[in-house]
Amino acid sequence: MLGQAAPRSLNPWAWWIWAVGMAVSAGFVNNPLVLLCMIAVLWLVVVARQGNAPWARAFGLYVALAGFIVAFRLGMYVLVGVKMGKLLLLEFPRLYLPEWAAGIGILGPVYWEGVVQAGVDGLRLGTIIIAVGAANTLANPKQLVRSLPAALGEVGTAVVIALSLAPQFAESLVRVRRAQGLRGENTTGLRSIPALLLPVLQDTLEGALKLAASMDSRGYGRRALLPRGQRRLNTAVSFCGLVGVCVGLYLLLDATLPPLVNVGVLLVSCALVFVALRLQSKRSQVTRYFRPEWAGAEWLTVGCGLLVAMSVFFTKAIHPSALLQPNFPLAPPEVPWLVIASLLVAALPAVLTPEPAPVARRRSPRRKVEMSA
């Protein structure tokens, strides 16, 4: 079984496709029951498959951000929201701003219908943020940029440097503060920032120079010389593909033309972008030694994420009211059993995928401080 496989890091693109499927589905749902089930599935998979790497500790921040969004949306409704409904919750005095401020009313009566609607809107956006946070927590960012096409090598190099410098800066900060504390210097308060900033920046800059030198010795940034005609062809294909993708997305949102025409334009544009990436990759002279594995666990993860999106689209087509929260009049939401069943399937990566391989951490040598009496 997949769950009994040896520990290894799942392909990062599989986690991202799974999370994007959940995020796209949440964007079309106004049912709080479905959104809460999505959050529960995301939390379950993250808890079961997050590793010990530094990037795997940020999921709590995304959850806190989602909670802040829900609270902020409720607060804005109470403060300046449109007050409509029949079930009165609270009664505040109504204050009106001057005419130069468009006469906006502040506070006033608070109705249950508005509170529920504001909470669902905030919960939907919070679910999307949690899905993105789950992808960032589960996917190895270094493996993600290593598996990018060769045409995006510069972008991947910049991301690798950024990901390497942030932990280096944090480690330098801890190391410098520990050294200053051993010397008896004050390491707290605003007055300690000038004495702390220069050593940290110097140590971080030295690390950046070492990283740049090592990447240059391995051939990063080197490009092959191509004929002028081929370079112009690459530029033209890239431009037409990107413009076509933008036009295709606009046609999908506009919905004035038949759906087959819109999808056809988008598919042709994506094919042009793929051809442009293949042509641009010929300029890369970097030898690839890292080949991310794509096995049954990856296909299972991708299929679970796409299944949720397809179930939401199918339910929206045949029974759209099941994905909505009835507010006028206020009533409990329906239970879309097809979507709930797909969410249960989306939780399978928590048990049917291999556990992540532990990441070895660099340990700095411990310094023993001898204190004489």
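Which residue forms a salt bridge with arginine 124? The partner is aspartate 121, and the closest N and O atoms of the two residues are 4.0 Å apart. The model is predicted. It holds two salt bridges and three aromatic pairs.

**Salt bridges**

- Arginine 124 and aspartate 121 both belong to helix H4, where a spacing of three residues puts about one helical turn between them.
- Arginine 124 has a relative accessibility of 24% and is therefore classed as partly exposed, since that class begins where buried, under 20%, ends.
- Aspartate 121 also forms a salt bridge with arginine 73, with 3.6 Å between the closest N and O atoms.
- This second pair links distant parts of the chain: arginine 73 is in helix H3 and aspartate 121 is in helix H4 (residues 112–138), 48 residues apart.
- Arginine 73 is partly exposed, its relative accessible area being 32%.
- Through shared partners, the salt bridges join Arg73, Asp121 and Arg124 into one network.

**Aromatic pairs**

- A pair of aromatic rings is described by two values, the distance of the centres and the angle of the planes.
- Among the three aromatic pairs is the one between phenylalanine 28 and phenylalanine 313, which is edge-to-face, with 5.2 Å from centre to centre and 85° between the planes.
- Phenylalanine 28 sits in the loop between helix H1 (12–27) and helix H2 (32–49), while phenylalanine 313 sits in helix H10 (residues 296–318); the two are 285 residues apart, and the pair links distant parts of the chain.
- Phenylalanine 28 counts as partly exposed at 38% relative accessibility, and phenylalanine 313 counts as partly exposed at 38% as well.
- Another pair is phenylalanine 68 with phenylalanine 72: the ring centres are 6.0 Å apart and the planes are at 25°, so this pair is stacked, because planes under 30 degrees apart count as such.
- Phenylalanine 68 and phenylalanine 72 lie four residues apart in helix H3 (residues 59–80), a separation of about one helical turn.
- Phenylalanine 68 is exposed, at 53% relative accessible area, whereas phenylalanine 72 is partly exposed, at 48% relative accessibility; the classes differ because exposed means over 50%.

**Packing of H1 and H2**

- Two packed helices are described by the angle between their axes and the distance between the axes.
- The crossing of H1 past H2 is left-handed.
- On the H1 side the contact is made by Trp15, Trp18, Met22, Ser25 and Ala26.
- On the H2 side the contact is made by Leu35, Met38, Val41, Leu42, Val45 and Arg49.

- Most peptide bonds are trans.
- Proline 329 is placed in the loop between H10 and helix H11 (337–346).

**Asparagine 262**

- Asparagine 262 and valine 247 are 15 residues apart along the chain, and their C-alpha atoms are separated by 8.8 Å.

Note on methods
Residues are numbered from 1 along each chain as its sequence is written. This is a predicted model: local features need pLDDT of at least 70, side-chain atom pairs count only at pLDDT 80 or more; totals for chains, interfaces and linings use all residues. Side-chain values use heavy atoms; hydrogens and water are left out. Rings of Phe, Tyr and Trp (its six-membered ring) pair if their centres lie within 6.5 Å; planes under 30 degrees apart count as stacked, over 60 as edge-to-face and the rest as tilted. Buried means under 20% relative accessible area, exposed over 50%, partly exposed in between (1.4 Å probe, protein chains only). A salt bridge is a side-chain nitrogen of Lys or Arg within 4 Å of a carboxyl oxygen of Asp or Glu. A crossing is left-handed if the near helix is turned anticlockwise from the far one by less than a right angle, and right-handed if clockwise. Contact means heavy atoms within 4.5 Å.
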